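I opened my notebook to jot down what I looked up in this one. The entries follow in the order I made them.

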Amino acid sequence: MTRLFRIEKAEQLADKVYQMWVKAPHVAHHAAAGQFVIFRIDEKGERIPLTISAVDGDSIRVIFMAVGKTTTHLAALSAGDSIRDIAGPLGKQSDIKKYGTCVVLGGGVGTASLPIIARAARAAGNRVIGIVGARNASLLILEDEMKAACDELLISTDDGSKGFHGFAADVLKQVMARETVDCVWIIGPAMMMKVTSEVTRAAGIRTYVSLNPVMVDGTGMCGSCRVTVGGETKFACVDGPEFDAHKVDFAGLMQRLRMYQPEEKDSLERYHAHTCACKGGDHHA
Amino acid sequence: MRIPAPAREGITMHDRPVDQRIHDFAEVDGGYSPDEAMLESARCLQCKKPVCIRGCPVNIDIPAFIREIAAGDFKKAATILKEQNMLPAICGRVCPQEVQCEGECILKNKERPIAIGSLERFVADWERVHGMVLPHKKTPSGRRVAVVGAGPAGLTAAAELARLGHHVTLFESLHAAGGVLMYGIPAFRLPKEIVKAEIEAVLSLGVDLKLNHLVGRSITTKELLNFDAVFLGTGAGLPYFMGLPGENLPGVYSANEFLTRVNLMHADRFPVFDTPVKKGSRVVVAGGGNVAMDAARVARRLGGKVTLVYRRREEDLPAREAEVARAKEEGIEFVMCANPVQVLGDQVMTGVECVRMNMCELDSSGRPEPAPVSGSEFTIDADVFIAAIGQGPNPLLIGELPELKRGKRGNVIVDEDCRTSLRKVYAGGDVATGAATVILAMGAAKRAAHAMDRMLRDE
C-alpha cells in the first residue's frame, strides 16, 4: 500500500538553493504551468507546497531554498532516497493565452517557477521576455534554461555583479518604456512581488503573482492558505496559486506567513542539534 | 433535560477520570469487558419484530448479533456485524445511537434502551484482537469501478462493490485513507489505530487504494469517466468562515484546519512531528455541533482555557448530548445565545467580540431564530479562535463536472439510488447531503453500491 517517491537527481544550484527530480508519474502526466505539489518527506513530516518547476516523462522537478526544517531536511536528501508522499498536481494552471508580449519576472528562488510558464506562453504564440533578479551573480539560477525558454533574457543583481545593477523591477520599467507589454508574471518573495507589481499597476497591465502561503492539505479543506483578493477571501491552494497581483492583499499574506515563525525557528534548531549529534556536525556545513 | 451518558443506570461505558484525560489524546471511554457485554446483551428482549433495525442506516441484524454476545460467541457476533457493516468499531463509537437504533429500542420506555452502540464496539474490538472476520466475496465481474474519496462513504462503497465482485480503485487526495475519521474526529473519541485496522480490512477485500491522488488533478475527469461506474464520496470538506473582520489574523482557524493539524498531522506532538499548531492559552470556539465539541476538547487538551460560543440555546445544541456532557466535565465554558462579531487584534489576535442573541420566532428548522441584541457586545480575551460553523461540499471535483446537477448549497443532487444526473456516476455521503453523520454517509454508500451493481450487471 505504501508507495514511496524516488529521488532521481538532487543537487545544489546556489547558496541554500537546491533542485530535485522526483519520479511521480501521477503528477508528471498531468502537470501544467503554474501548478504545485505537496511534499511530505516522512511519517513525521509536515505537508509543504512546492511549485512544479519542470516535467520530464514520469518525473517532476522542484527547486527550493533551505530555510526551515523541512526544506533543510529535503536539501540533505540525495538521489536514491525517497519522499513519503507527493500529492498533485494541485492548484489552477497559469492563465496562458495569446496576449502578445509577456514578461516573466523572477526574484531569487521564485525564478524556479518561470521556465515552465515561459515555454507555455511562447507555445501559445507570445513573445516572452524573461527578467531574472538576484542579490548577486552567485545566487542566479536557471540562466541557461531561461535563455532557451524566452525570446530575450534580462538579468539584474542588487550588487551589480552581473547584468543590470539594481532590482528586477527597474528592468521591468525599462522594458515597459521600450515596448508594449501585455501580460506579466512576477514570482518571488511576497515583499518583492508586492513592490514589483506596483510597476505595472498604473499602466493597467495584466499581472499575475504566484502566492506561497502556509498550507496543510492543499486541496481546499482547511483554509490555512486563505488570502484576500479583491476584497474576497480566496484559498490559494484551489483558487490560485496565481492571482491578479493588483488585487492581492500582500500585507495580510505576509502577516499570515509570519504566523509560525517561532515554531519554525524551534524546529530548525532542533533539527540542526539532532543532525549534528548524529552525523558529526558537518552535515549541513 | 439532558442526561449525561455516564449517569445512565446499569452497565454503561467507563469514562476515564477528567483530570487524567484532559492531558492526553487516549480514548475517553474504556468500553465493556466481556462479562459486562454479556450481561447487557442478556437484557435484550429479542423482539420478534425488532424495531431497532429500522433505526440502523446500514441494516445490521441487531438482535442476532446481540444474541450471539449473550451466548458468548463473539466471533459469530462479529460475522453478523460484518455482513452489513465493514466499520463496526468506528460506528460503535461515533454513531448517534440515541437517535437511531437505541432510540427505537422498546426498552427505552421501561428502563433504558440496550446499549447497542457499546455492544457493537465491544464485538468489533474483540474481533480486532482475535483476528478480523472477512465477509464473502462474489466471483469477479470484470467491471472496473472508481470510488472517489476514502472517507466513511467511499470506504463503505469500496468494500461493498469489492464484495459484489467488482474491481475497485479508491482515490484519496490525502496521504492517509479515512477522511474525516482521520483528520476530523479526535483520537480521544476514535483512536486512529482502530480506524487504520478497519481500513486495512476494507483493503483486504481487494480494493486498490491510490493515495495522494486528487481526482480532477492527478487524474482527469475524462479518465475518471472511463471507469464502468463512479462513486463520488468527496465529503463536505469546504470550511465555512463567518466573514468577520479580523478573521484572517494569525490565531484564527477553521475547525477543519485546527483538527487536521492535530488529528492527521499530530501537531500536539510538535516538534517531534513537524506540523505546528497554535496552542492557545485562551481559546474561543464558535459553533454547537459535534465538530465544535471536538475542536473545543482538542484545544483543552493542548492546555487552553476554552470557551464555546453558540448563537442559540443550550437545548438547541446539535452535538450529541454525551459529548456536550463530556466537554462540560472537561471544563469547557459554554456561553449560549451569543455570536462572534469581530476578531480583535493587530498582527496577532487578542480577543473575540461577541454579541448576545435573542431568541425570536421559530425558523424553518423549528428552532427559534436568533437575532443580535444591539448594544450587548462583550469581549472574550483569546489568542486562538476556531470557527466550527459547518462545512460545505468540497467543490473541486464536482466543479470540474459541469453536467452534474447541484443544489443551492453546492451539494450533488441524487435520487434514492444515489444516482446523479451524470450517467454511471453515483454520489453519497456529505457531498450529497451536506455535513451529516458518518453512518448516514455509510448507509447512502451501501445503497449506491447495490444500485451500481444492478446497473453493471444489467448492462
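This is a predicted model: local features need pLDDT of at least 70, side-chain atom pairs count only at pLDDT 80 or more; totals for chains, interfaces and linings use all residues.

**Confidence, chain A.** The pLDDT of chain A averages 94, and 95% of the residues score at least 70. I flagged residues 280–285 of chain A, where the pLDDT is below 50. Beyond near neighbours in sequence, that stretch has seven contacts in the model.

**Domains of chain A.** The domain assignment gives domain 1 (5–92) and domain 2 (94–207) of chain A. Taken over C-alpha atoms, their centres are 23 Å apart. Domain 1 of chain A puts 13 residues into the contact and domain 2 of chain A puts in 12 residues. On the domain 1 side, strand 1 (5–14) and strand 6 (59–65) of chain A each supply at least two residues. Strand 6 of chain A gives the most there, with three residues. I sorted the residues on this side of domain 1 of chain A into nine nonpolar, three polar and one charged.

Next I traced an open sheet in chain A: five strands, in the order 5-6-2-1-7, with antiparallel pairing. Which strands are at the edges? Strand 5 (54–56) and strand 7 (82–83) of chain A, each of which pairs on one side only.

I went through some of the pairs:
- Strand 5 and strand 6 of chain A pair antiparallel over three bridges, and D56(A) has S59(A) as its bridge partner in strand 6 of chain A.
- Strand 2 and strand 6 of chain A run antiparallel and are joined by seven bridges; M20(A) is partnered by V62(A) in strand 6 of chain A.
- Strand 1 and strand 2 of chain A pair antiparallel over six bridges, with I7(A) opposite V22(A) in strand 2 of chain A.

Strand 1 and strand 2 of chain A form a hairpin with two residues between them. In its turn, K16(A) has a positive phi of about 70°.

Why is strand 2 (residues 17–23) of chain A largely enclosed by the rest of the structure? Five of its seven residues are buried, so I noted it as largely enclosed.

**Nonpolar core.** The largest nonpolar core has 244 residues. V37(A), A158(B), V285(B), A295(B) and I386(B) have the most contacts inside it. Helix 17 (residues 438–458) of chain B gives the most to this core, with 12 residues.

**Domains of chain B.** Last, chain B is divided into domain 1 (31–130), domain 2 (144–237 + 392–458) and domain 3 (241–389). The centres of domain 2 and domain 3 of chain B, over C-alpha atoms, are 30 Å apart. Nine residues from domain 2 of chain B and nine residues from domain 3 of chain B make the contact. The domain 2 side has seven nonpolar, two polar and no charged residues.

Conventions. Residues are numbered from 1 along each chain as its sequence is written. Chains are lettered from A and ligands numbered from 1 in the order in which they are written. Domain bounds come from an automatic or database domain assignment. Two residues are in contact if their C-beta atoms, placed from the backbone, lie within 7 Å. Helices (H or I, at least four residues) and strands (E, at least two) are DSSP runs, numbered from the N terminus. Ala, Val, Leu, Ile, Met, Phe, Trp, Tyr, Cys and Pro count as nonpolar, Asp, Glu, Lys and Arg as charged, and the others, Gly among them, as polar. Two strands pair if DSSP finds at least two bridges between them. A nonpolar core is a set of buried Ala, Val, Leu, Ile, Met, Phe, Trp, Tyr and Cys residues joined through C-beta atoms within 7 Å. A residue is buried if 20 or more other C-beta atoms lie within 10 Å of its own, exposed if 12 or fewer, and partly exposed in between; C-beta atoms are placed from the backbone. pLDDT is the predictor's confidence in each residue, from 0 to 100.
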